[in-house]
Amino acid sequence: MDERMPRADAVGDASDTGDSPILVTGGTGTLGRLVVERLVEAGRKVRVLSRRLPDASAGVPTHPAVEHVAADLESGDGIDAAVAGIHTIVHLAGSSTGDELKARNLVHAASAAHATHLVYISVVGADRIPVVTKTDRNMFGYFEQKRAAELVISESGIPFTTLRATQFQELVWVVTGMMAKLPVIPLPRGLRVQPVAAAEVADRLAELAQGEPRGLVPDVAGPRIYNAADLLRGYLRAVGKHRVIVPIGLPGKAAKAMLAGANLSPERAVGTGTWEEFVAERTTATTDETEGVRNRYATPQTV
Ligand SMILES: NC(=O)c1ccc[n+]([C@@H]2O[C@H](COP(=O)([O-])OP(=O)(O)OC[C@H]3O[C@@H](n4cnc5c(N)ncnc54)[C@H](OP(=O)(O)O)[C@@H]3O)[C@@H](O)[C@H]2O)c1
């Protein structure tokens with residue numbers, strides 16, 4: 001355990017009585033919409049923060065317990081209004097770059113608003129993938145940003161809970177789909193992935209958001225570890241495509257750590273939904289059915 005990521009003794013007392021809304025940043029994203037759904041089902045009011053408001057013209061269903069506010073966590077626009085009157089914040093807004101800045105701006109506003117619990121989603125490997133050179137950063141700068149954001153939160157003075165998750169099956173699906181557009185697919189030799197259902201991460205986050213601040217909590221990881229090439233082959237089989245996969249080497253210390261399994265959490269394989277089940281569901285559900293479930297309370301997808 002990193003001494004800068006304390007557990008319960010250093011995280012204080014939350015005074016969320018359940019009356020004020022829970023602020024979910026990134027509540028329109030893949031993970032966020034699932035967390036919002038669970039909090040609403042638990043009887044909580046939710047305020048969703050994202051840059052874009054739901055597009056009513058797209059006919060997206062809304063829910064009376066959910067209000068949407070527009071704010072940009074990188075520019076700072078709108079954050080003060082978004083955190084006003086909030087005790088608990090679930091910080092899920094993220095992108096491939098800039099998560100340290102987002103956390104910094106959020107923490108600044110949340111401290112001024114006297115927030116009492118900040119729940120953060122990070123990624124397994126954030127503390128184990130050394131990002132030193134430009135090459136490291138070009139490939140794995142995301143992990144560096146997640147680690148920096150973790151530290152901004154743990155050092156903020158706001159009682160916090162940080163959960164690290166492995167890659168979501170939804171992300172793996174999107175990435176493999178993008179790769180499958182290539183006639184020949186270069187894939188890092190030896191790369192392994194432990195995909196987890198975003199819904200299972202959302203279950204845990206919703207539970208954590210309604211509890212006391214706990215500092216760094218144990219990871220949530222998928223039930224099985226796969227070679228990335230096998231995941232890709234599974235996807236190609238399911239969608240009926242044939243592609244040549246070319247194993248490539250990756251340079252640098254960050255890549256070495258990744259290939260050694262820094263992105264995996266075998267001892268925390270608590271997720272139950274497998275990649276095979278996910279692929280089967282995706283390839284048999286009609287688009288309408290899938291989108292219907294995924295859009296219950298939220299806006300159009302960003303990934
Ligand atoms: N995907 C994975 O495999 C994985 C694994 C572990 C951890 N995580 C973490 O889980 C979180 C959610 O991931 P996801 O895959 O659900 O992401 P996502 O689908 O891309 O959703 C990102 C959300 O963040 C909002 N957002 C992005 N930039 C923003 C900004 N500058 N200000 C305000 N809102 C902003 C987006 O809405 P707008 O675009 O409208 O602003 C959207 O609601 C991220 O923090 C990610 O690092 C993801």
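This is a predicted model: local features need pLDDT of at least 70, side-chain atom pairs count only at pLDDT 80 or more; totals for chains, interfaces and linings use all residues.
Val244 is located in strand S11. This valine counts as partly exposed because its relative accessibility is 49%, a value that falls between the 20% limit for buried residues and the 50% limit for exposed ones.

The chain as a whole may be considered next. Its 303 residues include 51% that are buried, and its accessible surface comes to about 13800 Å², with carbon and sulfur atoms accounting for 54% of that area. The chain contains 10 helices and 11 strands. Of the contacts with a separation of 6 or more, 81% join residues 24 or more positions apart.

Seven of the strands form an open, parallel sheet in the order S3-S2-S1-S4-S5-S6-S9. Strand S3 (66-70) and strand S9 (215-216) each have a single partner strand, so they stand at the edges and one side of each has no neighbour in the sheet. The partner of S9 is strand S6 (residues 160-165), and two bridges join this parallel pair. Within S9, Gly215 is the bridge partner of Thr161.

Helix H3 (residues 99-112) lies across strand S1 (22-25), strand S4 (88-91) and strand S5 (117-123), and runs at about 175° to S4. Helix H4 (residues 134-154) lies across S4, S5 and S6, with an angle of about 160° to S5.

How values were computed:
Residues are numbered from 1 along each chain as its sequence is written. Side-chain values use heavy atoms; hydrogens and water are left out. Helices (H or I, at least four residues) and strands (E, at least two) are DSSP runs, numbered from the N terminus. Buried means under 20% relative accessible area, exposed over 50%, partly exposed in between (1.4 Å probe, protein chains only). Contact means heavy atoms within 4.5 Å. Accessible areas come from the Shrake-Rupley method with a 1.4 Å probe; for residues, only the protein chains shown count as cover. Two strands pair if DSSP finds at least two bridges between them. Axes are lines fitted to C-alpha atoms, for helices over the stretch in contact, and angles run from 0 to 180 degrees between N-to-C directions.
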